[in-house]
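Please examine the model shown below.

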Amino acid sequence: MRVGHGMVRLEVVPGEPMGGYADRSDGVQNVLDPLEVHAVTFADDGHRFALVVADLICVNADVVERIRSAMRDIGVQSCWVAATHTHASPEAGCSPGGEATPRHLADRLEAASLAAARSAMESERAARLGCVRTLVPKLAGRRNVADAGPLDIPVDTLTVTAGADVVGLVVISPVHPTIFPADNNHVSADLNGGIRRALSAPGRWVVVATGAAGDISTRQTRQGRGLDEVDRLGAWLADRVLPVPPHVGGGTPTPVRPPISRTVTLAPKQPAELDVALRQTPLPVGKDERIRWVLQQGRRIAEEQAARRRTEPYVVDVEAVDLDGVTVVAVPGELFLELGETIRSAAPDQVGDIVVLGYANGYLGYLPARDTQPCYETYVSPVTAGSGEIVVEAAVEAAVEAVGDREHPRRISA
């Protein structure tokens with residue numbers, strides 16, 4: 001198998017709307033740290049697959065299809081596009097159910113993705129993949145839960161090795177990149193950019209994507225709201241991810257094959273379901289003021305959705321790909337961490353390592369678990385309760401089909 005990497009900066013336009021917060025009004029003022037678009041290509045003589053990761057709040061299905069079509073013209077047969085979900089980026093149509101991507105932003109994203117993919121293809125070299133999981137303490141916790149303590153956050157790292165050298169890392173962090181606050185109008189890759197900078201080294205490229213981060217953020221762990229804090233938490237994670245072991249799978253690399261897709265049909269949330277939730281959960285009194293404010297926002301957004309009375313279902317694709325013994329699952333929305341972990345635990349042993357990638361190939365919105373207590377995420381989720389479990393089931397099915405009958409490598413934890 002050959003692996004290559006390319007990176008292109010994503011330009012922004014002063015004054016264009018910023019995404020990520022419902023109470024944000026100002027557009028882009030300047031750039032604190034550049035937004036980046038990364039492409040990693042995995043190829044053999046039969047197929048080439050590209051993973052594109054962009055520093056954006058989301059990627060909707062329209063721009064994903066544009067990029068996939070353009071990729072085929074340059075020799076990339078299959079492609080995933082994922083957003084890091086930074087809340088310090090231009091607005092990309094990040095609303096429950098997804099929207100059309102602003103045209104000028106879609107044009108820039110497509111051009112950057114193609115340029116990054118061409119660079120990756122030119123740099124392809126024989127390589128192997130491994131996967132390591134690190135439990136990182138004091139990085140993040142459950143957001144929108146008052147007095148919630150930090151968790152040990154499971155961070156997955158795909159290691160790309162050429163001989164004995166680690167030449168690339170793909171880090172999947174299941175944490176919302178929301179260190180910068182709602183009143184910030186300076187563009188930044190936020191936490192994912194801090195992790196990239198901390199892990200970068202001569203001769204080694206780094207891509208940082210976001211996993212099942214629907215209910216996880218740094219709200220209880222951050223000590224500031226600026227770039228210094230971004231770099232502090234990025235270094236905190238990097239110090240625990242390294243050293244990264246070399247590939248341990250052994251044997252012959254598995255062929256590069258097209259991803260497996262499962263189409264999922266999800267029922268829209270109905271007004272009656274929202275009414276029950278609102279009656280069950282009065283606004284908290286004497287709790288964290290930001291949590292109270294966010295909950296109020298969620299109720300308002302949910303009521304606006306209910307007024308539209310959508311009846312047609314949401315249809316999304318959940319995908320899985322086998323990359324040299326590591327199974328990567330792509331979910332087009334915000335999956336809760338516990339559901340991402342359920343995908344890993346529910347898959348049979350033959351699947352081996354599973355890495356869950358969120359915000360990929362479209363944006364539906366929050367996908368909480370069936371028994372999640374009413375909160376901001378459940379209010380603004382466009383789909384009915386239990387949709388998260390339906391997505392999990394489809395993801396496991398896709399993962400099983402993606403690996404076929406290949407043997408799985410040994411898992412590692414650090």
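This is a predicted model: local features need pLDDT of at least 70, side-chain atom pairs count only at pLDDT 80 or more; totals for chains, interfaces and linings use all residues.

The residues of H3 that are buried are Asp-190, Leu-191, Asn-192, Gly-193, Gly-194, Ile-195, Arg-196 and Leu-199. Because 8 of the 10 residues of this helix (residues 190-199) are buried, H3 is largely enclosed by the rest of the structure.

Leu-242 lies in the loop between H4 and strand S13 (260-266). When its neighbours within four places in sequence are left aside, Leu-242 is in contact with Leu-199 and Arg-204. Leu-242 has a relative accessible area of 30% and is therefore partly exposed, since buried means under 20% and exposed over 50%. The C-alpha atom of Leu-242 is separated by 9.9 Å from that of Thr-157, although the two residues are 85 residues apart along the chain.

Helix H2 comprises 20 residues (residues 103-122). From its first C-alpha to its last, H2 reaches 29 Å, close to the 28 Å expected at 1.5 Å a residue. The residues of H2 that are buried include Leu-105, Leu-109, Leu-114 and Met-121, together with the alanines Ala-106, Ala-112, Ala-116, Ala-117 and Ala-120. Arg-108, Glu-110 and Ser-113 are also buried in H2.

These elements belong to a protein chain with 9 helices and 19 strands. How does the radius of gyration of the chain relate to that of a compact globule? For 414 residues a compact globule would have a value near 22 Å, and the 20 Å of the protein chain agrees with this. Along the principal axes, the C-alpha atoms fill a box of roughly 60 × 45 × 40 Å.

Of the 414 residues, 60% count as buried. Among contacts between residues at least 6 apart in sequence, 81% join residues at least 24 apart. The chain exposes about 15,900 Å², of which carbon and sulfur atoms supply 50%. As for charge, the chain carries 41 positive and 53 negative side chains, and the centres of the two sets lie 2 Å apart.

Key
Residues are numbered from 1 along each chain as its sequence is written. Side-chain values use heavy atoms; hydrogens and water are left out. Helices (H or I, at least four residues) and strands (E, at least two) are DSSP runs, numbered from the N terminus. The radius of gyration is taken over C-alpha atoms; the globule rule is 2.2 Å times the number of residues to the power 0.38. Buried means under 20% relative accessible area, exposed over 50%, partly exposed in between (1.4 Å probe, protein chains only). Contact means heavy atoms within 4.5 Å. Accessible areas come from the Shrake-Rupley method with a 1.4 Å probe; for residues, only the protein chains shown count as cover. Lys and Arg count as positive and Asp and Glu as negative; His and the chain ends are not counted. The place of a charge is taken as NZ of Lys, CZ of Arg, CG of Asp or CD of Glu. The expected span of a helix is 1.5 Å times one less than its number of residues.
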